[in-house]
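Biologist: Please take a close look at one part of this model, the pairing of its strands. Then place that part in the rest of the chain.

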Amino acid sequence: MVDRDTVDYRDTGSFDDSSLQDVQTIKSAILHKQYGKDVRSALAQLPDSLIKLFGDTGGNSNAEVEEARGGFETLGLHEQAQNAGIDKVTVEVQNARTNSSSQTYQTLKERMDSQENDLNNSINDKLAQISAVPETFANLAALQSKYPTGKTGIFVTADNGHKYIWVNGSWTDSGVYQSVGVADKSIDPIKLKTTSVVNNKSGKTYNVLSGNKDLYILNEPISEAGIVNVTGKFSSGTVYLYLLKKHSDKFIVIEKSVITVTEGWQSIFTNFYAEGGGDEYIGVLGSVYYAYEGGAGFYNYSSADNTSTEFITNQLVANSDFSLFTTIENSKLADVIDKKTNELSSKIPINQFKNGIKDLSKYSVASANTTYIFNDPLKQGNIIVHIKSNKVQNANIYIVKKDNLRFTVLKKINIDLVVGENVIDMEYTSGGSGDEYIASTGVVAYAYKGGFGFYQISQGSTINNEGDVFNADDHTDVTTDFGVYPEYKSDLNKKIEKIYDDLDSITPKLLLTDYTMPKYSEIVDQVGFVGRWFDKTVNGVQTKTTINQGSEFYFKVKNTKTINVNFVLNSDLETPYFAYSIDGSAMTRQLITKSSLPAVTTDEHIVRVVIDGLNEHEDKWKGEKGVSFKNVTVDLGGTVTGVLPKNRKIMFFGDSITEGIRVLSMDANPNGNSATGAWPFIASEQLNSISYRVGFGASGVTTGGSGYVPPLLQNIDSMTASKTTPYYEPDIVVVNIGTNDGKSTSSNFITQFNTTLDRLSIKYSGTPIFVILPFNGAKRSEITTCVNSRSNIYLIDTVKWGVDTTDGVHPNQVGGITAGKKTAEYIISILGKNYFI
């Protein structure tokens, strides 16, 4: 049974009466329109609509009605069926307006809008939980601990670099995480195309943990040249990695790296450089995983000291396999560089140190005076020998060829060695066959550790000439390290030297020391004075007086056989000495109480007098005690004419070392003191110059000295407590001070020394100033700080001079010669030889 359409007045829409509607439209309006005007409009059109219907169908009205019933008994039943379908749709629409939470919306549109908003909010919430930068954890266990029930996003573990996502209730490994960029130093060496991996162990299992006190040296020699990095499985903590060079049972530390590692596999950028000769090994001191079997074994050194420079062991533990393995970066590039270096070494004048350079300051023990062969075979090249001597001596340096324990002398150089470093060009080219060695006869400085031992000439064997063969005893089982190493001169340097030798052979040589006498100018006075002299009446006698060792005067005589240099005694302590030279002869000392000089011919002669020895403790500054010169007397008819040297004049400021204290002996009196034996006099001779000396014992920059002398600043402008220094124009100023300033703080010394240098720079403006670092290294850092900030002052470093002394501080005669020559050499390197001609 089909329900007919029922009355439901909910349609609020207006009835369209602008045109005649059909019967069905009119019926629907009558049943459903809410407002009466619409129902009445529909009723008004009903008759006209029926008439039109019957008129339109005409005789076929029954057929039309039959067709309208659509198989139903009556039109009413057909209409009832239609209404039932409409009601079904209405119910479905009603259900569609209700969501799963039983909330019903007024319209379907309202529900769809609400769902859209909910979906957008849900998407935004999910996006908010996703970060562009993944969260990182040390390992999977740490991730699981923090998010046991999962979290949206990408998470990376540092131990393997993998990314993890939460899928189906568990954390899932999604492979290696690839970031947008590559961080600096983040690429594992194993991944580089330019890396050579000889024995990649990363896929093997290592479960045994080593101790952390022993050194383990992998029995896997490095056979490729290049930058060596190390990969391995470590236990958390500090690890020492070594690049070692094997020599017999000794492993020498070439490079060391200290690293803090975490648990697990890691690649360590040690950046060691290996030559790849097959004698280099990797050592590890720290906890590393290994396996009992499957490897080449390792050398063990128990309870290793991580500061050691060598390890001696032949204890090989076979078969064990450490997880460590090396990666050689740019091994092919290293080959290319070596090849190009070898090609260029003969073209570029750069010498090489193929056996390394030694810090000779560390070699202080004196060897016996015998013949040693130093156990370090020579490489190919032109040999220059560096050797440290503990004393001034005559020695022989050799190149020898080894045949078991028999040695043949290939080259011999006899040379006078100075204290400290000596450099000898052997004029010999070694073949690099591994059987040529450096040897020496003499006393050589050495250290107890750090070397490969030595061979020593056997008792009864002798060496005299090249070609001699001698026997030697083997002492290569000790670690003695001699202060000797070779330098390899480039071929081009050798050719350049030959050109210079050829030029020297045809060019006259002029040495500054060829001039035995200064150039002079005559003056009107009887005597010409250099240094600090002042007028003083002593015991009623008018004199020229000085308180400074090294003060000089000059004169020439003619038509006389006798010369008397007359002094008036002006000292409270021992009698001073003077030194004289006639016509450029060597200086001769005598007491000032002996006035007569050796007899001469009646020809013209030039005499130079130097005040040579005073007691350091005379009351010089206040009492003006020193040496007082009266006059020069000659034979009747003889003449005395004053002269002054025209050579360059060097003004020296300093302490007792500059003054010349204890040059001849430990006595700090006229017997042990000598101005002509001190380094300023020697330096001046080497430079064809005259010295002007201002030196006082025990004085310094911040402290006064013996004889009531004030610090250096005051005695620049004063020559005694009551006398101002007359202006003098030197050509060079040299300062050697600081030995006696040990009690001064660094800041105080720097302040006062800067003030002193400021005064010298103003008083002697435009004059080259040289500052010498004290021979014993005192105030080295402070003096360097003061000088380095100035463009008009030159610093002379004395650290490698090896100056001999009488007492550990004051140079003796040999030390004075060394220091004087070295000073002159440096000044010539700055000003040139022609400056002094």
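## Strand pairing and its setting

Modeller: Start with strand β35 (residues 552–558), which pairs with β41 in the antiparallel sense over four bridges. The model is predicted.

Now move to β33 and β34. Strand β33 covers residues 534–538, and strand β34 covers residues 541–546. Five bridges hold this pair in the antiparallel sense. Within it, Thr 537 stands opposite Gln 542 of β34. The two strands form a hairpin, with two residues between them. Asn 539 sits in the turn and has a positive phi of about 55°. Most residues other than glycine have a negative phi.

β34 has a pairing with strand β40 (residues 626–634) as well. That pairing is antiparallel and has three bridges. Lys 544 finds its bridge partner, Phe 629, in β40.

A further sheet can be traced from end to end. It is open, has three strands in the order β6-β13-β17, and its pairing is antiparallel. β6 (208–209) and β17 (321–322) are at the edges. Each of them has a single partner strand, so one side of each lacks a neighbour in the sheet. Two bridges join β6 to β13 (residues 289–291), and these strands run antiparallel. Leu 209 has Tyr 289 of β13 as its bridge partner.

Two loops also carry a positive phi. Asn 404 lies in the loop between β22 (393–403) and β23 (406–417). Its phi is near 55°, a positive value in a residue other than glycine. Asn 404 counts as exposed because its relative accessibility is 61%, and exposed means over 50%. Asn 168 has a phi near 50°, also positive in a non-glycine residue. Asn 168 is in the loop between β3 and β4 (170–176). At 80% relative accessibility, Asn 168 counts as exposed.

Strand β3 (residues 162–167) holds Ile 165. Ile 165 counts as partly exposed, because its relative accessibility is 30%. Together with Ile 154 and Val 167, Ile 165 forms a nonpolar patch on the surface. The accessible area of the three together is about 190 Å².

Asp 481 gives a buried case in a strand. Asp 481 is placed in strand β29 (residues 481–482). At 10% relative accessibility, Asp 481 counts as buried, because the cut-off for buried is under 20%. Beyond residues up to four places away in sequence, Asp 481 touches Lys 358, Tyr 363, Tyr 446, Ala 447, Lys 449, Gly 450 and Gly 451.

Next, the interior. In soluble globular proteins, nonpolar side chains tend to be buried together. In this chain, the largest nonpolar core has 35 residues. Phe 653, Val 735, Phe 753, Leu 757, Leu 760, Val 771 and Ile 783 have the most contacts inside it. The elements giving two or more residues to this core are β42 (648–654), β43 (689–695), α11 (712–717), β44 (732–736), α12 (746–763), β45 (769–772) and α13 (780–788). α12 gives the largest share, four residues.

Last, the whole chain. It has 14 helices and 46 strands. Of its 837 residues, 44% count as buried. Among contacts between residues at least 6 apart in sequence, 73% join residues at least 24 apart. The accessible surface comes to about 42,000 Å², and 50% of it belongs to carbon and sulfur atoms.

Methods: Residues numbered from 1 in each chain as written. Predicted model: local features only at pLDDT ≥ 70, side-chain atom pairs only at ≥ 80, totals over all residues. Heavy atoms only, no water. Core = buried A, V, L, I, M, F, W, Y, C linked by side-chain atoms within 4.5 Å. Buried < 20%, exposed > 50% of the residue type's maximum accessible area, 1.4 Å probe, protein only. Patch = residues over 30% accessible without salt bridge, like charges linked within 9 Å, V, L, I, M, F, W, Y side chains within 5 Å. Areas by Shrake-Rupley, 256 points an atom, 1.4 Å probe, with all protein chains shown as cover. Salt bridge = Lys/Arg side-chain N within 4 Å of Asp/Glu carboxyl O. Pairing = 2+ DSSP bridges. Contact = heavy atoms within 4.5 Å.
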